Amino acid sequence: MNNHYDVIVIGTGPGGEGAAMKASKEGKRVAIIEAFEHAGGNCTHRGTIPSKALRQAIEQLANITDLRYINYQDLLRTAESVINRQVDMRTGFYYRNVIDLHYGRAAFVDANTIEVTAESGLRTRFTANAFIVATGSRPYHPPDVDFNHPRILDSDKVVDLRDNPRSISIYGAGVIGCEYASIFRGLRIKVNLINTRSQLLAFLDDEIIDALSYHLREHGVLIRHNEEYERVEADDEGVTLYLKSNKQIRSDFLLWAQGRTGNSDDIGLEALGIERDSRGSIVVNENYQSAQPHIYAVGDVVGFPSLASAAYDQGRFAATHLVFGKCDEHLVKYIPTGIYTIPEISSVGLTERELTAQKVPYEVGHSQFRNLARAQITGQTVGMLKLLFHRDTLEILGVHCFGAQASEIVHIGQAIMSQKGEANTLMYFINTTFNYPTMAEAYRVAALNGLNRVQQL
């Protein structure tokens with residue numbers, strides 16, 4: 001077997017997949033290494049796909065059945081079927097593009113050699129002219145919390161939960177914490193959401209934050225802001241979370257959702273002089289090169305923006321630079337957020353808070369979903385679309401959506417915001433004919449609402 005390659009990619013998540021596909025299509029001999037038994041990375045097996053499949057199943061079942069008779073394991077089986085289809089599809093990509101797929105944990109022996117240790121213990125060495133590290137990230141574990149205890153979970157372990165809890169406490173109210181709060185509350189499980197900050201998801205527009213907080217509370221989630229843990233104690237019956245405010249919160253399980261750590265340890269980077277930050281993120285330049293120019297890193301292992309969609313693009317950009325010595329493409333200026341709470345949230349561009357701080361003269365246009373025919377037909381009337389635009393030029397500055405299909409329709413706004421000149425104004429939505437009835441019609445309604453505000457000034 002020829003163990004030398006032009007490019008070796010470590011990790012089969014979105015970043016690794018994007019890099020391997022691009023390098024292969026440019027004529028390079030490529031191998032990709034996966035530490036787990038199936039391709040797809042954390043995105044497919046532990047993160048994006050399982051949590052979104054769980055959420056979708058809950059939302060669908062809530063419309064047709066009594067969720068008291070549905071348990072968590074039923075929903076996990078739904079997620080597993082999606083995962084299996086994703087694995088088959090992605091594995092097929094590698095075979096069709098003549099990319100060698102090797103399973104095992106990779107570590108650098110020197111700057112051009114890695115050793116892959118299979119689950120059986122067999123070790124094989126491979127050499128390459130260049131490498132792309134796309135090893136992803138894992139949930140952050142503070143050293144004083146016993147994650148070996150079966151009642152203390154993280155976002156990886158929660159998809160293997162085999163019990164049906166009556167209550168769960170979630171420490172950390174970021175994207176993962178809020179999404180799982182929606183999932184478990186959708187199953188009528190008592191949820192305590194512990195936030196270490198003063199508001200949920202502070203990077204969002206304040207109006208969207210308020211809507212999310214209201215709907216989580218309306219569905220029975222108990223939210224506690226500005227809290228920090230002092231210690232965690234678990235026994236056979238449950239977990240007690242002791243807070244510095246002297247509160248004690250008891251529940252069947254604890255889900256720790258307080259940040260992530262890059263999977264960059266134990267792969268031999270230190271000996272190569274490759275720098276990492278305090279959260280394990282590999283330090284790279286604008287071309288995704290590490291301190292060793294022929295060793296690139298992409299995706300969650302380099303930190304922000306830590307999105308599957310961005311990771312795939314980063315992989316393609318890194319492979320382009322590796323092959324051609326340059327890459328003129330970069331991540332888009334405004335990457336849309338997609339938060340799969342119930343209801344879901346998506347936004348792109350600037351928030352009112354940011355525009356106010358920058359002293360930009362802006363105005364707001366709203367469309368309430370309860371007034372849209374399509375929302376009335378489907379019964380999904382909770383939510384709104386919000387357009388922020390320049391008062392003088394009518395340029396679209398931000399799009400914020402809360403409700404059904406938010407993560408889908410936000411891309412209409414993203415596409416218009418990327419245009420130049422008059423194409424990126426409120427008038428596009430006013431003068432464009434939308435299908436009726438659709439959720440996308442919210443853009444026309446919001447644009448007219450905003451224009452009315454301007455004309456009344």
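The radius of gyration here is taken over C-alpha atoms, and the globule rule is 2.2 Å times the number of residues to the power 0.38. The model is predicted: local features need pLDDT of at least 70, side-chain atom pairs count only at pLDDT 80 or more, and totals for chains, interfaces and linings use all residues. Residues are numbered from 1 along each chain as its sequence is written, and side-chain values use heavy atoms, leaving out hydrogens and water.

Q: What is the radius of gyration of the protein?
A: The protein has 457 residues, and a compact globule of that length would have a radius near 23 Å. The value for the protein agrees with this, at 24 Å.

Q: What percentage of the residues count as buried?
A: Buried means under 20% relative accessible area, exposed over 50%, and partly exposed in between (1.4 Å probe, protein chains only). Of the 457 residues, the buried share is 53%.

Q: At what angle do H1 and H7 pack?
A: Helices are DSSP runs of H or I with at least four residues, strands are runs of E with at least two, and both are numbered from the N terminus. Axes are lines fitted to C-alpha atoms, for helices over the stretch in contact, and angles run from 0 to 180 degrees between N-to-C directions. The axes of H1 (residues 14-25) and H7 (residues 308-324) are 7 Å apart, and the angle is about 30°.

Q: Which residues does Arg166 touch, not counting those up to four places away in sequence?
A: Arg166 lies in the loop between strands S8 (152-154) and S9 (167-171), and is exposed because its relative accessible area is 69%. Contact means heavy atoms within 4.5 Å. On that basis, Arg166 touches Ile189, Lys190 and Asp252.

Q: Which residue does a cis peptide bond join to Phe304?
A: Most peptide bonds are trans. At this bond omega is about 5°.

Q: Is Tyr288 buried or exposed?
A: Tyr288 is placed in the loop between strand S16 (260-262) and S17, and has a positive phi of about 70° although it is not a glycine. Its relative accessible area is 12%, so Tyr288 is buried.

Q: Is Lys359 buried or exposed?
A: Lys359 also has a positive phi, about 55°, without being a glycine. Its place is in the loop between helix H8 (352-357) and strand S20 (362-368). Its relative accessibility is 75%, so Lys359 counts as exposed.
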